[in-house]
Amino acid sequence: MARIGLFFGTNTGNTRKIAKQIKKRFDDDTMADPLNVNRVTPEDFAAYDFLILGTPTLGEGQLPGLSSEAEAESWEEFLPKLEDISFDGKTIALYGLGDQVGYSNEFVDALSFLYDFFSDRGAKIVGSWPTDGYDFATSQAVGEDGKFVGLALDLDNQSDLTEERLSTWLKQIAPDFQLPL
């Protein structure tokens with residue numbers, strides 16, 4: 001089994017695309033194949049000590065799921081299945097997709113839900129990301145330190161920056177994940 005689990009929720013497939021970009025940088029011993037959370041069990045998920053989790057933000061700053069008009073179940077339906085699992089000793093990095101122009105008041109808000117859920121259950125969350133270079137009104141994903149709680153990507157308006165941001169973020173989290181970069 002790989003050391004790092006790579007899980008995502010998605011609606012349009014863009015979050016899956018980023019997960020695949022992450023995976024192709026690493027061998028199978030380091031990084032597991034990316035899996036949609038609507039296709040895994042809590043036991044599959046909890047088997048990893050290192051997790052990279054991705055989510056888009058839908059609607060009015062929501063996690064993907066049926067109530068946010070996603071086409072299939074996603075994080076909204078999966079997180080309740082994890083409520084009784086401790087994440088003490090686990091290291092988690094988050095990435096989120098959003099549209100800072102079209103949804104300027106809820107840019108990557110869904111990251112905050114994942115951050116709160118896993119940090120409340122003891123996980124060490126790494127990979128905060130600066131807000132410099134983005135133009136949005138507000139985001140629940142900006143932490144007390146003034147940074148996003150994970151990597152923020154905008155494939156709608158800044159797709160040309162995605163590769164550079166992803167590479168820089170992976171180098172940033174490398175020491176916590178023992179990544180061979």
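Modeller: In this predicted model, the lining of the largest cavity divides into 3 nonpolar, 3 polar and 2 charged residues. The residues that make up this lining are Thr57, Gly59, Gly98, Asp99, Tyr103, Glu106, Phe107 and Val108. The volume of the largest cavity is about 30 Å³, and a search of the whole structure for cavities of 30 Å³ or more finds 1.

By class, the lining of the largest pocket holds 6 nonpolar, 8 polar and 4 charged residues.

The second largest pocket contains about 160 Å³ of space, and of the 14 residues that line it, Tyr115, Gly143, Glu144, Asp145 and Val149 are the closest to its centre. Helix α4, which covers residues 110-120, gives the most to this lining, with 3 residues. The lining of the second largest pocket divides into 6 nonpolar, 4 polar and 4 charged residues.

The helix packing remains. Two packed helices are described by the angle between their axes and by the distance between those axes. For helix α1 (residues 14-23) and helix α5 (residues 162-177), the axes come within 11 Å and cross at roughly 55 degrees, and α1 and α5 are therefore oblique to each other. The crossing of these two helices, α1 and α5, is right-handed. On the α1 side the residues in contact are Ile18, Gln21 and Ile22, and they meet Thr162, Glu163, Leu166, Trp169 and Leu170 in α5. Taken by class, this contact of α1 with α5 has 5 nonpolar, 2 polar and 1 charged residues.

Note on methods:
Residues numbered from 1 in each chain as written. Predicted model: local features only at pLDDT ≥ 70, side-chain atom pairs only at ≥ 80, totals over all residues. Heavy atoms only, no water. Axes fitted to C-alpha atoms, helices over the stretch in contact; angles between N-to-C directions. Helix = DSSP H or I, 4+ residues; strand = E, 2+ residues; numbered from the N terminus. Parallel < 35°, antiparallel > 145°, perpendicular 65-115°, else oblique. Left-handed = near helix turned anticlockwise from the far one by under 90°. Contact = heavy atoms within 4.5 Å. Nonpolar A, V, L, I, M, F, W, Y, C, P; charged D, E, K, R; others polar. 1 Å grid on protein atoms, 1.4 Å probe; cavity = no way out; pocket = protein on both sides within 12 Å on 5 of 7 lines; lining within 4 Å. Points joined across faces, edges and corners; volume = space filled by probe spheres on them.
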